[in-house]
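Dear colleague,

Please find the structure below, handed over for your records.

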Amino acid sequence: MRTHLRRYVQRWLVLGLAVLFLAGCDNLFHITNPGFIEADDLDELAGLPGLVVGMSGDLSVALKEVATDGSIMSREHRNGATQTRRGIFETGQIPFDQVNSYWTSMHRARWVAEDGIKRLERVLGEAHADDVLTVRSYLFAGFSNRILGEHVCQAVVDGGPPEAFTAHFERAEVHFTEAIRLADRQGETGLGFAARAGRAQVRAALGDWSGAVQDAGTVPLDYLFEAVYSDNTEREWNEVYSFTQRAGTGLTVYGTEWFDVEDDPRVPWSPDLDDAGEVRPTADGNLPGYRQDKYLSRSDGIPLAKGTDMRLLEAEALLRSGDLVGAFDRINEARSVHGLPPLAVAASEGEAWTVLMHERGAELWLEARRLWDLRRWYEEGRNDVFDNRDSCIPISQHEREGNPNLS
Amino acid sequence: MYRMIWTVLILTILALAAPSAAQEIQLAVQGPLNGGERPLSLLSAPAGLTVDDRPLTEALLLLGERSGVTLAFSPSFIRDDHRVACDCGDRTVGEVLDHMLDQTGLVYWEVGNRVVISRSSAMTRMPERRVLRQRGDVPASRTLDVLPVPDRSLHIPAVRQGVVTGQVRTGAGRPLAGVMVRIPELGLGTITGTDGRYRLEDVPAGEVVLKAAVIGFHAAEERAVVRSGQTTVVDFQLAEDAVRLDEVVVTGTADRQRRRELGTSLSQLTRADIELTPVRNIQDILYGQAPGVLLTANSGQPGAAATIRLRGLNSISQANEPLIYVDGVRLFSQPILGGGDERGGRQGISPLNSVRPEDIERIEIVKGAAATTLYGTEASGGVIQIFTRRGTDGPTQWSAEIQTGVNQIGYIGPPGDDTGLGLLDCRTYENSLGETFADPTCPSDGNWVRDGLIQRYSLSVSGGSSDFDYYVSGNFADERQPIKRGGFDRPVGLRANFNFLPLDNLTLSLNSAYIGRTTEWLQDGSSSAGFFTNVVRGPGGRWMIDGNPNNALGLDFENVNDTNHFVGGLTARYHSGGDWTHRLTVGYDYFNTEGSTLWPFGHIYQPEGRFWKRHHTRATVTLDYLTALRHQLTQSLGTSLSFGGQYFDEDSRRLYSQGYGFAGPGEPTIDAAALTQVTTDRALRNVNAGFFVQNVFDFEDRLFLTLGVRVDGNSAFGSNFGLQSYPKASVSYVLSDHEFWPTDWWEAFRVRAAVGDAGRAPGVFDAVSTWEPISAEGGQPGFTPANLGNPDLGPERTREYEVGFESSTFSGRLGVDFTYFHQDTYDALVPVRSAPSAGFSSRQLDNVGHLRNTGFEARLQVGLVRRQAVDWTTTLNASTNWSEAIDLNGEDISMGWRSWAREGYPIASLWGARVVNANEFADPIIEEDAFIGPLYAPYVIGLQNTVRLGERITASALGEWQFGHFAQNGTGYQNARRGDGVWRPCFEAQRALLAAEAGDPSALDNVTALERVKCSMSDFSWDWWMQPADFFKLRSVSVSYDWPERWLPAAADRASLQVAGRNLLTVTDYDGVDPESGDFGATNLQRRDYYNLPPSRSFVVTLRVHF
């Protein structure tokens, strides 16, 4: 009996192992699930357009987040929602553990563009210089770095050590310069304007006003380059619109300096009225709801560069050089685009600065540019907005946890 | 893939066929007939055999070979020391068998093309043998005869017969129904009726030994002399068995084991336990009924899933739900978030609750890795095995159950809030300033609550014969929420279970069930438009019109879940002779939900309307082959070798869509919207396959040593990882089986110890570096980084040590089941943060963690009174669970909403600022980033008292304590700072704070340090709202009455009426909505009480009739 027992046990063991072996040969555990794309699959020519569209999408996400919640920080909106992450911008005390989303979105936009440039060069080889995808990639790399420089307190690149936030402006300048070179080479005039406008923005941020004016002067007054939004998916929505255009808005113009501005097409807003015609409170029930009307659909783009911004940038440069007449000439040129009457030249430099700062605020309202303007002017003693308030986004908790150079 | 499945199937079929052939060789010897011509009778064939002093088994084998006649017999019937000699070269097979089997008690007969040899008793009473056949609940090796039905006309000596009858009672003298009374030597048996009586007819005259056995009592044995033509009375009195060592359980092998053989603890709930309490679903059955099981109710939304943890959390990144098997078929066990969108679906839909309580025969709860090793990967969270009801031999039995009752909201709100958070009184909301607000949409009777009707109906029919039985049932329920215009839960279920015995040694079981379910939920939780959220917020809510809340607006949203669930399995059990069994199960679990959330057209919130839908489809294929071979090596040493392989193929799909902007009112569809979007489309498939080998060494049926190993592969493992092995070892020693044991007062005692591993696989994409497809630039396809990937990723590996004992003393009056466990989860999957500035922002799982859970579990059963008139049993289930994150790669891991895993602290604990001098009347002293406490209760005590009065009345009460944990009172936090404060416990403090701000510092004299920050409306923080959540809940109370037979209609066999209440009382210092409330409920590791409807109180009357 024992012999029989052994025989049968051996028989079954062998059979069981044979089943597993055969099953294993058939790639039992190798399953490819649909949906996600494995990283190596992107190193193909056909994948490059999607890669660049992804850069654009990530840039739009980063921009809409800082345009929406950052508008509280820059006092273009007051917070009307209960979420903690928005509440920090209202109080002005910005802890590093509440800014993960903004930090991550901005850095993803930058990394995707910069890594994508390398992938384009790797896949396209010499031909990359003649492909418009490369120009667009440099543009996205430039604008994402500009957004970072304007919003963060310190720069961190690719898991490296912390640097001055201006490092992002410097990277942006390099990217815009390359974009200009390739756009000119390819005859992409429109993209060339965007790159020059972007470089003007970062040169000004770096204090290179002459360089900034040089670039700005090449951009036509009516030129506009926007981050793209769409009704298509929630990720593509213009969040400034979707978060304000509903009963019980999460952001209200009430309580900001722009609540006092009426009949300015650059700063449109309206009350959130209920059926009884009463102003409905904000979502948190704390403030009267007055909502922005600048963006009237989820598909409305948010400008990244435009001719009016260039004129105002030229105006500021002229003002810095003491040329008030020249400065107001540029200001009025920008106003003319909106059908606004020209302003008289201010009597003093101080008054001129007040006008300029207001005009830039109105022109760039809810475009995620105000914070940087306020921040740099605060450093020059031109406002007190950030007295006892934080003026920038600190290195996020996630970056601190995941970056060995920070721990 | 299909080739692989076919390969497995074909090889498995071959494997089943192979032992059959082998069995013929070993146990039914066959060879070519001498002379090549078949004789008219096999018994007249020439034997051609000469043997000299050989063991009988060997001689029979030779006889088969020499004569060419197939001899079928079981070696277990033949004594090892029986030897024979025969010079029988010229004899026939029949003559040789007459000679060899003389004085052996064995007989033979010719059946078809073989000669069957068996015990004489197997022939004499075949009709009664049917009750002893293997039917899934009798240990095969002990009681199963697998011999063919004999032709009674052959070789049966004439016998004289009598009748044996009697009654079986408990130690207290109560009649005991359902007891199997049998005469093993004769293969006779029957079951006692409701009066405890039995009757065995046609018993051969002579001395017999009767045995009476039933689960829950010690088996008893009586000798009697049966006289021809007379009736012999044999009564039994069975002592209660508090530890049930001979209870048969399922352990992952084909061989059902008795509890005494296991080295681990195992909890079992029977049909009687289920009927004792008013249950709506399986999770209701589990509250407080077994140590080591933590259930948290989460919500009062009808049909919402509870959170279930067996021995705590042993993963910080993967689901901790136990595996669920129904009749051997694995279910996709993780709950799915209900509703069409998070705004409307804040709770889980659990596949577990699709199994209707009416259909359940018993539930086995297997806790800890040492016990679940054979289940392999995915089993480290434990296993819940559900066995559904089957037909029994005998006439058709119908059972009907009708239940009706009401759900009520009961007491709700913090102390002092007579408005019940605005639900019980919606005419007057008040804030801390004393301002009152009236809701013009408040119902005319001034409150939002109602009695929510409960109706449940079920009907089943069962029966069977010796080779076929069936159980078919249908049920319907309608349970409504105790809120006006509130939601409901309406399950409709059908089940059909069949067993066939096409051959004496083959059983085919077909189990199938379908349940369709519709639930509708009120919008609550973290949804600023939700009904409950706004009622509780009062003047701080969203629906303020003309300065007053209009909360009926929150009732206009619809959140509906439609579920279809099918579970089907075909199991073949083959007993190939001796003690060798095989089992093959092919199962399919299909679970589909469609959740929808509607903001109707014309609603003030978004007048254009919005509609979300979430479709989830989950399918699991189970292929499970198991075999077990028992063999008695020596008189005192036996072995049971088990091995087998399992293949599980899980397919999970989800499709989320939404429509925005409708042209007009009416019931919308997504494509009727002006803007439609598919927001998520995922199809995830995961394959887990493996095999195991286990051997149990059995020393004199009292010492058992088990050694085993399981090896698994999983498609979610990294490409470099390979297979994972999980070893196990256990020992069980029944000391009370020794003769020296004082069994007169200490009937049973065993000690046990076990160590074993089990695992948990990472998610489908966790090992792969991926980019996610997105849409951008107005609908163009693009990519964005998703997962960094880790090709070395493997499963978490939980190793558990468990020791314990079971003891039954004083005739079962005191039963103790005690266990200490210590489990370490190595290679825990820790989400390691990667720097967002390097592109991939999501955390990447890595096997770098080490978690630990230790604790005690005790079940104490005390028979306080054992009288015929009163039988009172108290059962205490107590457990502790101390968890600790030993190593998290130096990281603090967020487990969601202020709960963290941090090294050196309980897994999932709350952290935040803490007021050191909380109760002092002074300015607060704040300790930042302090450990607050664990999120899950480390101490759970269930206490059940069951009192039987006379023979007809049974009363039962079940209470449960959970303590030592903390909850986040998000409701209080939000209310205290809204609408000038609408959280009543803060009113006085807030008035004092205002007075102090106005220049009266003395106003704060009676305001504690904690109140000064907690109730502040200017400097608010969640931190102050993390509170101890200790509670006691009276889970159920019931009184059942068994109707006297004289009251019953002629067609009815028995009937009972039960009056019961559920969730009747909560005792707690926690002042949030409910200490069990959990936003997102069972779908998440985090826990947060945030405007979630609390569990309802219910009263029901149940009528059960069997006819």
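Cys392(A) is buried, because its relative accessibility is 12% (buried means under 20% relative accessible area, exposed over 50%, partly exposed in between, with a 1.4 Å probe and protein chains only). Its partner in a disulfide is Cys153(A), with an S to S distance of 1.9 Å; a disulfide is a pair of cysteine sulfur atoms within 2.5 Å. Cys153(A) is partly exposed, at 25% relative accessibility. The link of Cys153(A) and Cys392(A) is right-handed, with 110 degrees about the S-S bond.

Please note that this is a predicted model, in which local features need pLDDT of at least 70, side-chain atom pairs count only at pLDDT 80 or more, and totals for chains, interfaces and linings use all residues. Residues are numbered from 1 along each chain as its sequence is written, chains are lettered from A and ligands numbered from 1 in the order in which they are written, and side-chain values use heavy atoms, with hydrogens and water left out.

Over all chains, a search of the whole structure finds three disulfides. In chain B, Cys426(B) is joined to Cys442(B), S to S 2.0 Å. The torsion about that S-S bond is about 65 degrees, so the disulfide of Cys426(B) and Cys442(B) is right-handed. Cys426(B) counts as buried at 0% relative accessibility, and Cys442(B) counts as buried at 13%.

The sulfur atoms of Cys986(B) and Cys1015(B) lie 2.0 Å apart in a further disulfide. Here the torsion is about -70 degrees, so the link of Cys986(B) and Cys1015(B) is left-handed. Both Cys986(B) and Cys1015(B) are buried.

With kind regards
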